[in-house]
Every structure is written in C-alpha cells, then in structure tokens.
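Subject: Structure handover

Hello,

Here is the structure you asked about. My notes on it follow below.

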Amino acid sequence: LIFESPSKVTHIGYKSFFNVSLRVLNIPNSLTVIGPNAFESCWFNEVNQFNNPPDGNFIGAILQQIKCDAGCQLTTIGDFAFAGQENMFSLKIPASVMNIGISAFADITFFSFTFESGSRLTKISNSAFRHSYFDHNIVFPETLSFIGDHAFYSNYFTSIVIPGNVTYIGSSAFSSSSRSNP
C-alpha cells in the first residue's frame with residue numbers, strides 16, 4: 001500500500017484494510033488519524049514513516065519489520081498498537097519515542113529488539129510486552145523511569161538490564177517470566 005506523494009489523506013477509518021495482505025505500508029506524512037483496528041489481521045513486510053499509531057490499529061497483524069525514517073517524530077506507541085502479532089522479526093524503538101502504551105506489543109515473538117541510540121523513552125505502560133518472547137538480552141535506555149504493572153508478565157528473555165533511573169516497577173511487572181536459551 002503506497003500513497004502517492006504528496007498525499008492528502010488525513011484519515012483512515014475503522015477496519016479500512018481489515019484482513020488485507022500488504023507487503024509494505026508506507027504511511028504518508030499527511031495522515032493524522034488511523035481509526036480503530038484499521039489494519040487488523042493484515043500481513044506486512046515492513047512499515048515505513050510510522051507516526052503515532054492510535055490504540056488498537058494493528059491488532060492481529062503480522063509485521064516483520066517496523067522502520068521509522070531519520071527525523072522520525074513518533075513520540076507515543078499507542079495502546080494495543082501492535083498487540084497480537086504472531087511474530088515481529090525486527091523492532092528498533094525510535095529515539096523519539098517517550099511512551100509505550102498499554103499492551104502495545106503484547107503476545108509477540110521478537111527476533112531482534114533494540115532501542116535506537118539516544119533514546120528518550122521514559123515510560124513502559126501496563127502489560128506493554130505481556131506474554132512476549134525475546135531470544136536475546138534487553139537493555140533499556142538510561143532515560144527509562146517507569147515500568148508499569150504486568151509490563152513483562154509471562155515473558156521469555158536471556159537477561160534484562162534495568163537502568164539506575166527507574167523509580168517505579170509496577171506489580172507483577174516481571175512475574176511468571178523465564179530465562180530463554182541464548
């Protein structure tokens with residue numbers, strides 16, 4: 001799905017592309033609203049120019065990679081934005097992201113997961129990565145201060161490094177988690 005440049009599309013409505021197979025999603029800079037579940041149950045190879053995914057828009061989609069161009073202005077990854085992916089091969093959280101919403105990446109297997117250098121992330125909300133699998137180490141950025149309730153509940157990972165700036169770790173944040181084989 002490619003929008004011609006310059007695109008004038010400002011709104012994509014509820015379930016507009018439900019259950020559609022797409023190789024690439026190139027989100028135009030003009031887009032201001034992606035309606036609830038707009039890309040539910042879709043399959044993508046990559047998502048480009050992704051800015052502020054609203055709540056619940058990609059539930060059940062299968063993403064292989066999320067890309068954010070240099071100069072990305074994404075500050076919030078909304079509630080349920082990518083929840084329910086079967087797997088996500090590669091995810092680098094852009095440096096501009098300051099908040100990861102409730103269940104934003106719940107129930108996902110990650111083969112590569114990192115934070116871009118210079119990350120400004122301060123908050124990982126409740127259940128953000130609940131029931132997810134990481135087959136590698138997770139090193140949070142030094143700016144992180146809040147890890148919500150159940151944020152990493154029932155996860156698999158090789159290790160997690162919690163930075164010194166973290167002041168709040170919610171109830172059951174890492175409960176029922178196991179070490180995966182490196």
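Please keep in mind throughout that the model is predicted. Arg120 is found in the loop that runs between S12 and S13. Setting aside neighbours within four places in sequence, Arg120 is in contact with Thr75, Ala95, Ser96, Val97, Met98 and Thr143. Pro94 is 26 residues from Arg120 along the chain, and the C-alpha atoms of these two residues are separated by 8.9 Å.

Overall make-up

The protein has 182 residues, and buried residues make up 43% of them. Its secondary structure comes to 20 strands and 0 helices. The accessible surface is about 8500 Å², with 50% of that belonging to carbon and sulfur atoms. If you take the contacts between residues at least 6 apart in sequence, 27% of them join residues at least 24 apart.

The sheet

Five of the strands form an open sheet with parallel pairing, in the order S8-S10-S13-S16-S19. The edges are strand S8 (76-77) and strand S19 (168-169), each of which pairs on one side only. At the S8 end, S8 pairs with strand S10 (residues 99-100) in the parallel sense, over 2 bridges. There, Thr76 stands opposite Asn99 in S10.

Two buried serines

Asn99 turns up again as a partner of Ser125. The side chains of Ser125 and Asn99 make a polar contact at 3.3 Å. Ser125 lies in the loop between strand S13 (123-124) and strand S14 (133-134), and its relative accessibility is 5%, so Ser125 counts as buried. Not counting residues up to four places away in sequence, Ser125 touches Asn99, Ile100, Gly101, Ile102, Gly148 and Ala151.

Ser132 also has its place in the loop between S13 and S14. Ser132 is buried, with a relative accessible area of 1%.

Nonpolar core

The largest nonpolar core has 27 residues, and the members that touch the most other members are Ile93, Ile100, Phe105, Phe113, Ile124 and Phe129. Strand S9 (90-93) and strand S12 (113-115) each supply at least two residues of this core.

Aromatic residues

The structure holds 12 aromatic pairs. In one of them, the ring centres of Phe146 and Tyr168 are 4.7 Å apart and the planes are at 10 degrees, so the pair is stacked. This pair links distant parts of the chain, with Phe146 in strand S16 (residues 146-147) and Tyr168 in strand S19, 22 residues apart. Are these two residues buried or partly exposed? Phe146 is partly exposed, with a relative accessible area of 26%, and Tyr168 is partly exposed at 37%.

Another pair is made by Phe152 and Phe174: the ring centres are 5.3 Å apart and the planes are at 5 degrees, so this pair is stacked too. Phe152 lies in the loop between S16 and strand S17 (156-157), and Phe174 in the loop between S19 and strand S20 (178-179), so the pair ties together parts that are 22 residues apart in sequence. Phe152 is buried, with a relative accessible area of 1%, whereas Phe174, at 23% relative accessibility, counts as partly exposed.

Phe152 and Phe174 also belong to an aromatic cluster, along with Phe105, Phe113, Phe115, Phe129, Phe134 and Phe140. Phe105, Phe113 and Phe129 are likewise among the core residues that touch the most other members.

Regards

Terms used: Residues are numbered from 1 along each chain as its sequence is written. This is a predicted model: local features need pLDDT of at least 70, side-chain atom pairs count only at pLDDT 80 or more; totals for chains, interfaces and linings use all residues. Side-chain values use heavy atoms; hydrogens and water are left out. Helices (H or I, at least four residues) and strands (E, at least two) are DSSP runs, numbered from the N terminus. Buried means under 20% relative accessible area, exposed over 50%, partly exposed in between (1.4 Å probe, protein chains only). A polar contact is a pair of N or O atoms within 3.5 Å; within protein, one must be able to donate a hydrogen and the other to accept it, and residues adjacent in sequence count only if both atoms are side-chain atoms. Contact means heavy atoms within 4.5 Å. A nonpolar core is a set of buried Ala, Val, Leu, Ile, Met, Phe, Trp, Tyr and Cys residues joined through side-chain atoms within 4.5 Å. Accessible areas come from the Shrake-Rupley method with a 1.4 Å probe; for residues, only the protein chains shown count as cover. Two strands pair if DSSP finds at least two bridges between them. Rings of Phe, Tyr and Trp (its six-membered ring) pair if their centres lie within 6.5 Å; planes under 30 degrees apart count as stacked, over 60 as edge-to-face and the rest as tilted.
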